[in-house]
Amino acid sequence: MKQKYIFIGPPGSGKGTQTEKLSHEYNLPHIDTGALLRAEIASGSEDGKLADSFISKGQLVPITLVANVIKNRLKKTDCEKGFILDGYPRSMEQAYALDDILAEIDTDKNIKPCVFYFDVDEKLLVERLVNRRSCIKCHSIYNLKTMKLNDESVCPKCGGQLIRRDDDTEEIAYKRFDTYFNQTAPLIDMYKERGWLIRLDASKDIVSVYNDLVGEIKGHVNS
Ligand code: AP5
(Lines give C-alpha, C1' and ligand atoms only; values in the text may rest on other atoms or scores of the structure.)
Protein backbone atom coordinates (compact mmCIF):
# COMPACT_ATOMS: atom_id res chain seq x y z
CA MET A 1 0.00 0.00 0.00
CA LYS A 2 2.03 2.94 -1.24
CA GLN A 3 -0.57 5.70 -1.37
CA LYS A 4 -2.33 5.94 1.98
CA TYR A 5 -4.52 8.99 2.37
CA ILE A 6 -6.68 9.72 5.39
CA PHE A 7 -9.20 12.57 5.31
CA ILE A 8 -10.37 14.11 8.57
CA GLY A 9 -12.54 17.15 9.12
CA PRO A 10 -15.92 18.17 10.48
CA PRO A 11 -19.22 17.09 8.87
CA GLY A 12 -19.73 19.06 5.66
CA SER A 13 -16.08 20.02 5.25
CA GLY A 14 -15.96 18.46 1.77
CA LYS A 15 -14.16 15.16 2.44
CA GLY A 16 -16.58 13.13 0.29
CA THR A 17 -16.62 15.69 -2.53
CA GLN A 18 -12.82 15.72 -2.83
CA THR A 19 -12.43 11.96 -2.38
CA GLU A 20 -14.88 11.29 -5.19
CA LYS A 21 -12.71 13.21 -7.68
CA LEU A 22 -9.33 12.07 -6.31
CA SER A 23 -10.40 8.43 -6.25
CA HIS A 24 -11.45 8.64 -9.90
CA GLU A 25 -8.32 10.46 -11.11
CA TYR A 26 -5.77 8.48 -9.08
CA ASN A 27 -7.61 5.18 -9.42
CA LEU A 28 -7.63 4.62 -5.66
CA PRO A 29 -10.54 3.07 -3.74
CA HIS A 30 -12.68 5.56 -1.82
CA ILE A 31 -13.42 4.03 1.57
CA ASP A 32 -16.24 6.03 3.10
CA THR A 33 -17.27 4.64 6.48
CA GLY A 34 -20.49 6.67 6.51
CA ALA A 35 -21.54 5.21 3.13
CA LEU A 36 -20.53 1.66 4.16
CA LEU A 37 -22.65 2.02 7.32
CA ARG A 38 -25.62 3.45 5.39
CA ALA A 39 -25.39 0.44 3.00
CA GLU A 40 -25.45 -1.84 6.05
CA ILE A 41 -28.58 -0.02 7.30
CA ALA A 42 -30.25 -0.34 3.87
CA SER A 43 -29.55 -4.11 3.88
CA GLY A 44 -31.64 -4.45 7.07
CA SER A 45 -28.88 -6.43 8.85
CA GLU A 46 -28.51 -6.52 12.64
CA ASP A 47 -25.27 -4.48 12.30
CA GLY A 48 -27.21 -1.97 10.21
CA LYS A 49 -29.94 -1.65 12.85
CA LEU A 50 -27.32 -1.05 15.52
CA ALA A 51 -25.50 1.54 13.33
CA ASP A 52 -28.77 3.35 12.64
CA SER A 53 -29.48 3.79 16.33
CA PHE A 54 -26.22 5.81 16.68
CA ILE A 55 -26.20 7.68 13.33
CA SER A 56 -29.73 9.03 13.89
CA LYS A 57 -28.47 10.66 17.11
CA GLY A 58 -25.32 12.11 15.51
CA GLN A 59 -23.11 9.76 17.56
CA LEU A 60 -20.26 7.48 16.55
CA VAL A 61 -21.09 3.86 15.81
CA PRO A 62 -19.34 1.37 18.21
CA ILE A 63 -15.65 0.88 17.48
CA THR A 64 -15.70 -2.88 16.90
CA LEU A 65 -18.42 -2.65 14.27
CA VAL A 66 -16.54 0.02 12.30
CA ALA A 67 -13.11 -1.65 12.70
CA ASN A 68 -14.47 -4.88 11.18
CA VAL A 69 -16.00 -2.98 8.27
CA ILE A 70 -12.69 -1.15 7.62
CA LYS A 71 -10.43 -4.18 8.00
CA ASN A 72 -12.51 -6.29 5.62
CA ARG A 73 -12.55 -3.47 3.08
CA LEU A 74 -8.77 -2.78 3.27
CA LYS A 75 -8.01 -6.47 2.72
CA LYS A 76 -9.63 -6.39 -0.73
CA THR A 77 -7.20 -6.56 -3.68
CA ASP A 78 -8.12 -3.11 -5.02
CA CYS A 79 -6.43 -1.62 -1.91
CA GLU A 80 -3.03 -3.16 -2.73
CA LYS A 81 -1.89 0.09 -4.41
CA GLY A 82 -3.39 2.29 -1.71
CA PHE A 83 -6.61 3.84 -0.49
CA ILE A 84 -8.39 7.01 0.56
CA LEU A 85 -10.01 6.71 4.00
CA ASP A 86 -12.89 9.19 4.28
CA GLY A 87 -14.30 9.41 7.80
CA TYR A 88 -12.02 6.92 9.55
CA PRO A 89 -10.51 7.18 12.11
CA ARG A 90 -12.76 9.49 14.14
CA SER A 91 -11.44 8.98 17.66
CA MET A 92 -8.13 8.18 19.36
CA GLU A 93 -9.38 4.64 19.93
CA GLN A 94 -10.08 4.25 16.21
CA ALA A 95 -6.67 5.74 15.32
CA TYR A 96 -4.94 3.07 17.41
CA ALA A 97 -7.20 0.40 15.89
CA LEU A 98 -6.13 1.61 12.43
CA ASP A 99 -2.44 1.41 13.49
CA ASP A 100 -3.07 -2.25 14.42
CA ILE A 101 -4.90 -2.99 11.16
CA LEU A 102 -2.09 -1.47 9.06
CA ALA A 103 0.58 -3.23 11.14
CA GLU A 104 -1.16 -6.49 10.23
CA ILE A 105 -1.99 -6.01 6.55
CA ASP A 106 0.13 -3.19 5.06
CA THR A 107 2.91 -4.44 2.76
CA ASP A 108 4.67 -1.01 2.60
CA LYS A 109 4.92 -0.08 6.28
CA ASN A 110 7.89 2.24 5.71
CA ILE A 111 5.62 4.61 3.71
CA LYS A 112 3.63 6.64 6.23
CA PRO A 113 0.05 7.75 5.55
CA CYS A 114 -0.74 11.39 4.65
CA VAL A 115 -3.50 12.78 6.83
CA PHE A 116 -5.39 15.68 5.23
CA TYR A 117 -7.21 17.90 7.68
CA PHE A 118 -10.12 19.76 6.09
CA ASP A 119 -10.19 23.01 8.02
CA VAL A 120 -13.39 25.01 7.45
CA ASP A 121 -15.01 28.09 8.87
CA GLU A 122 -17.77 26.60 11.08
CA LYS A 123 -20.38 29.04 9.79
CA LEU A 124 -20.19 27.40 6.37
CA LEU A 125 -20.80 23.85 7.61
CA VAL A 126 -24.51 23.90 8.49
CA GLU A 127 -25.32 25.73 5.28
CA ARG A 128 -23.44 23.10 3.28
CA LEU A 129 -25.13 20.18 5.10
CA VAL A 130 -28.74 21.35 4.80
CA ASN A 131 -28.17 22.13 1.10
CA ARG A 132 -26.49 18.79 0.31
CA ARG A 133 -28.16 16.34 -2.05
CA SER A 134 -26.67 12.94 -2.95
CA CYS A 135 -27.43 10.69 -5.90
CA ILE A 136 -28.67 7.25 -4.87
CA LYS A 137 -27.30 5.76 -8.12
CA CYS A 138 -23.83 7.24 -8.83
CA HIS A 139 -23.29 8.82 -5.35
CA SER A 140 -22.41 12.25 -6.76
CA ILE A 141 -22.73 15.05 -4.20
CA TYR A 142 -24.31 18.45 -4.90
CA ASN A 143 -24.64 21.73 -3.06
CA LEU A 144 -28.01 23.28 -3.99
CA LYS A 145 -26.79 26.70 -2.94
CA THR A 146 -23.68 26.87 -5.10
CA MET A 147 -24.64 24.54 -7.98
CA LYS A 148 -27.77 25.50 -9.86
CA LEU A 149 -29.62 22.33 -10.91
CA ASN A 150 -32.53 22.38 -13.39
CA ASP A 151 -34.34 19.74 -11.34
CA GLU A 152 -33.27 19.44 -7.69
CA SER A 153 -34.49 15.84 -7.47
CA VAL A 154 -32.64 14.40 -10.49
CA CYS A 155 -28.87 13.79 -10.82
CA PRO A 156 -27.59 15.68 -13.89
CA LYS A 157 -24.79 13.09 -14.37
CA CYS A 158 -26.78 9.84 -14.42
CA GLY A 159 -30.49 10.67 -14.04
CA GLY A 160 -30.64 8.97 -10.63
CA GLN A 161 -32.77 10.28 -7.76
CA LEU A 162 -31.22 12.99 -5.56
CA ILE A 163 -31.94 12.63 -1.86
CA ARG A 164 -31.28 14.55 1.33
CA ARG A 165 -29.59 12.39 3.98
CA ASP A 166 -31.67 11.75 7.12
CA ASP A 167 -28.84 13.16 9.30
CA ASP A 168 -28.56 16.40 7.31
CA THR A 169 -31.05 18.33 9.44
CA GLU A 170 -29.85 21.35 11.39
CA GLU A 171 -30.65 19.62 14.70
CA ILE A 172 -28.61 16.45 13.98
CA ALA A 173 -25.85 18.53 12.33
CA TYR A 174 -25.14 20.29 15.65
CA LYS A 175 -25.01 16.94 17.47
CA ARG A 176 -22.52 15.70 14.82
CA PHE A 177 -20.37 18.80 15.38
CA ASP A 178 -20.30 18.09 19.15
CA THR A 179 -19.22 14.52 18.45
CA TYR A 180 -16.56 15.79 16.03
CA PHE A 181 -15.08 18.38 18.42
CA ASN A 182 -15.09 16.01 21.41
CA GLN A 183 -13.85 12.84 19.74
CA THR A 184 -12.30 13.52 16.32
CA ALA A 185 -10.57 16.90 16.68
CA PRO A 186 -7.92 15.51 19.14
CA LEU A 187 -6.56 13.45 16.22
CA ILE A 188 -5.29 16.65 14.60
CA ASP A 189 -2.63 17.13 17.29
CA MET A 190 -1.78 13.46 17.39
CA TYR A 191 -1.13 13.25 13.63
CA LYS A 192 0.68 16.61 13.70
CA GLU A 193 3.08 15.20 16.31
CA ARG A 194 3.68 12.16 14.13
CA GLY A 195 4.50 14.50 11.19
CA TRP A 196 1.68 13.03 9.06
CA LEU A 197 -0.73 16.01 9.03
CA ILE A 198 -1.34 18.36 6.10
CA ARG A 199 -3.86 21.19 6.64
CA LEU A 200 -6.09 22.23 3.75
CA ASP A 201 -8.11 25.45 3.72
CA ALA A 202 -11.41 23.73 2.88
CA SER A 203 -13.42 26.98 3.05
CA LYS A 204 -12.26 27.70 -0.50
CA ASP A 205 -14.35 26.67 -3.52
CA ILE A 206 -14.33 23.01 -4.61
CA VAL A 207 -11.85 23.43 -7.51
CA SER A 208 -9.36 25.41 -5.40
CA VAL A 209 -9.46 22.82 -2.60
CA TYR A 210 -8.86 20.05 -5.14
CA ASN A 211 -5.90 21.89 -6.68
CA ASP A 212 -4.37 22.42 -3.22
CA LEU A 213 -4.90 18.73 -2.38
CA VAL A 214 -3.27 17.48 -5.59
CA GLY A 215 -0.40 19.98 -5.13
CA GLU A 216 0.27 18.56 -1.66
CA ILE A 217 0.11 14.97 -2.93
CA LYS A 218 2.57 15.70 -5.76
CA GLY A 219 4.91 17.48 -3.33
CA HIS A 220 4.71 14.50 -0.96
CA VAL A 221 5.35 11.90 -3.69
CA ASN A 222 8.40 13.88 -4.95
CA SER A 223 9.86 14.50 -1.48
P1 AP5 B 1 -20.36 10.47 7.18
O2 AP5 B 1 -21.26 10.08 6.09
O3 AP5 B 1 -18.92 10.13 7.03
O4 AP5 B 1 -20.57 12.00 7.49
P5 AP5 B 1 -19.56 13.15 8.00
O6 AP5 B 1 -18.17 12.80 8.38
O7 AP5 B 1 -20.36 13.81 9.04
O8 AP5 B 1 -19.22 13.91 6.76
P9 AP5 B 1 -20.20 14.35 5.68
O10 AP5 B 1 -20.42 13.23 4.71
O11 AP5 B 1 -21.42 14.94 6.29
O12 AP5 B 1 -19.38 15.57 5.06
P13 AP5 B 1 -18.18 15.62 4.05
O14 AP5 B 1 -17.01 16.23 4.74
O15 AP5 B 1 -17.95 14.33 3.33
O16 AP5 B 1 -18.77 16.72 3.06
P17 AP5 B 1 -19.32 16.59 1.55
O18 AP5 B 1 -18.17 16.40 0.60
O19 AP5 B 1 -20.45 15.62 1.46
O20 AP5 B 1 -20.84 9.80 8.56
C21 AP5 B 1 -22.22 9.80 8.93
C22 AP5 B 1 -22.40 9.12 10.27
O23 AP5 B 1 -21.90 7.74 10.21
C24 AP5 B 1 -21.60 9.74 11.43
O25 AP5 B 1 -22.31 10.83 12.01
C26 AP5 B 1 -21.46 8.54 12.38
O27 AP5 B 1 -22.66 8.33 13.10
C28 AP5 B 1 -21.29 7.37 11.43
N29 AP5 B 1 -19.86 7.11 11.19
C30 AP5 B 1 -19.17 7.39 10.04
N31 AP5 B 1 -17.89 7.05 10.17
C32 AP5 B 1 -17.75 6.55 11.44
C33 AP5 B 1 -16.65 6.06 12.19
N34 AP5 B 1 -15.40 6.04 11.69
N35 AP5 B 1 -16.88 5.64 13.44
C36 AP5 B 1 -18.11 5.67 14.00
N37 AP5 B 1 -19.20 6.13 13.35
C38 AP5 B 1 -19.02 6.57 12.09
O39 AP5 B 1 -19.85 18.09 1.36
C40 AP5 B 1 -20.96 18.56 2.08
C41 AP5 B 1 -21.74 19.56 1.20
O42 AP5 B 1 -20.92 20.68 0.93
C43 AP5 B 1 -22.13 19.00 -0.19
O44 AP5 B 1 -23.37 19.52 -0.55
C45 AP5 B 1 -21.03 19.54 -1.14
O46 AP5 B 1 -21.52 19.74 -2.45
C47 AP5 B 1 -20.70 20.85 -0.46
N48 AP5 B 1 -19.29 21.23 -0.60
C49 AP5 B 1 -18.20 20.45 -0.40
N50 AP5 B 1 -17.07 21.16 -0.57
C51 AP5 B 1 -17.47 22.44 -0.88
C52 AP5 B 1 -16.76 23.65 -1.15
N53 AP5 B 1 -15.43 23.69 -1.14
N54 AP5 B 1 -17.49 24.78 -1.42
C55 AP5 B 1 -18.88 24.74 -1.43
N56 AP5 B 1 -19.61 23.61 -1.18
C57 AP5 B 1 -18.89 22.47 -0.90
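Visitor: How far is an oxygen atom of the ligand from an N or O atom in the side chain of Arg 132?

Guide: In general, a polar contact is a pair of N or O atoms within 3.5 Å; within protein, one must be able to donate a hydrogen and the other to accept it, and residues adjacent in sequence count only if both atoms are side-chain atoms. Here the Arg 132 pair is 2.5 Å apart. Thr 17 also has a side-chain N or O atom 2.6 Å from a ligand oxygen, and a backbone N or O atom of Ile 206 sits 3.4 Å from a ligand nitrogen.

Guide: Mind that this is a predicted model, where local features need pLDDT of at least 70, side-chain atom pairs count only at pLDDT 80 or more, and totals for chains, interfaces and linings use all residues. Numbering runs from 1 along each chain as its sequence is written, and side-chain values use heavy atoms, with hydrogens and water left out.

Visitor: Which residues come nearest to the ligand?

Guide: A residue is near a molecule if one of its heavy atoms lies within 4 Å of it. Of the 34 residues around this ligand, Thr 17, Gln 59, Arg 90, Arg 132 and Arg 176 come nearest.

Visitor: And Phe 83, buried or exposed?

Guide: Buried means under 20% relative accessible area, exposed over 50%, partly exposed in between (1.4 Å probe, protein chains only). Phe 83 has 1%, so it counts as buried.

Visitor: What is Phe 83 in contact with, beyond its neighbours within four places in sequence?

Guide: Contact means heavy atoms within 4.5 Å. For Phe 83 the partners include Met 1, Tyr 5, Leu 28, Ile 31 and Leu 102.
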